[in-house]
Amino acid sequence: MTLTIEISIECLGEREAASLEAALTPDNHPLPKDQRFSSTRNGSVLSFRISSDRQSGCISSAMSLLSDARLFDEVWSAAS
């Protein structure tokens with residue numbers, strides 16, 4: 001069975017979304033060989049899709065992504 005998790009994050013604007021995308025992208029490589037990851041940005045909305053046959057690995061990656069996004073939000077808010 002393959003688990004797929006989709007996460008969408010709505011940022012305050014396109015600039016924040018582009019910065020968040022740049023901040024998260026390096027952390028997602030290299031991927032485990034059985035995991036698939038994709039991201040898209042449409043204006044101020046970032047969408048992530050994580051799939052894996054290893055459910056625990058998929059959940060762990062999603063939790064890490066959310067944790068990194070929350071940390072980015074804290075830093076972004078403090079800098080603004």
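**Entry 1: Ser51.** I began with the cut-off, under which a residue is buried if its relative accessible area is under 20%. I applied it to Ser51 in this predicted model, and since Ser51 has 9% relative accessibility, I noted it as buried. Leaving aside its neighbours within four places in sequence, I found Ser51 in contact with Thr2, Leu3, Thr4, Asp34, Gln35, Arg36 and Cys58. With one of these, Thr4, I also recorded a polar contact of 2.9 Å between the side chains.

**Entry 2: the sheet.** I next asked in what order the strands of the sheet stand. I read the order as E1-E3-E2, with 3 strands forming an open sheet and antiparallel pairing. I noted that strand E1 (3-10) and strand E2 (35-42) are at the edges, where each has a single partner strand, so one side of each lacks a neighbour in the sheet. I then looked at the pairing of E2 with strand E3 (residues 45-52), which are antiparallel and joined by 8 bridges, and I found Phe37 opposite Ile50 in E3.

**Entry 3: the helices.** I followed helix H1 (residues 14-24) across E1, E2 and E3, and noted that it runs at about 160 degrees to E2. Helix H2 (residues 55-79) also lies across E1, E2 and E3, and I recorded its direction as about 10 degrees to E1. Within H1, I listed Glu16, Ala17, Leu20 and Leu24 as the buried residues. Seen down the axis of H1, these buried residues fall within an arc of 100 degrees, so I take them to line one face of the helix. On the other side of H1, I found Glu14 and Arg15 exposed. I also checked what covers the buried residues of H1, and the cover includes E1, E2, E3 and H2.

**Entry 4: the core.** I asked which residues have the most contacts inside the largest nonpolar core. In this core of 17 residues, they are Ile7, Ile9, Leu20, Phe48 and Leu65. I noted that E1, H1, E3 and H2 each supply at least two residues of the core, and that its largest share, 6 residues, comes from H2. Finally I looked up Phe48, which, leaving aside neighbours within four places in sequence, is in contact with Ile5, Glu6, Ile7, Ile9, Leu24, Phe37, Ser38, Ser39 and Leu65.

Methods. Residues are numbered from 1 along each chain as its sequence is written. This is a predicted model: local features need pLDDT of at least 70, side-chain atom pairs count only at pLDDT 80 or more; totals for chains, interfaces and linings use all residues. Side-chain values use heavy atoms; hydrogens and water are left out. Two strands pair if DSSP finds at least two bridges between them. Helices (H or I, at least four residues) and strands (E, at least two) are DSSP runs, numbered from the N terminus. Contact means heavy atoms within 4.5 Å. Axes are lines fitted to C-alpha atoms, for helices over the stretch in contact, and angles run from 0 to 180 degrees between N-to-C directions. Buried means under 20% relative accessible area, exposed over 50%, partly exposed in between (1.4 Å probe, protein chains only). The arc is that of the directions from the helix axis to the C-beta atoms. A nonpolar core is a set of buried Ala, Val, Leu, Ile, Met, Phe, Trp, Tyr and Cys residues joined through side-chain atoms within 4.5 Å. A polar contact is a pair of N or O atoms within 3.5 Å; within protein, one must be able to donate a hydrogen and the other to accept it, and residues adjacent in sequence count only if both atoms are side-chain atoms.
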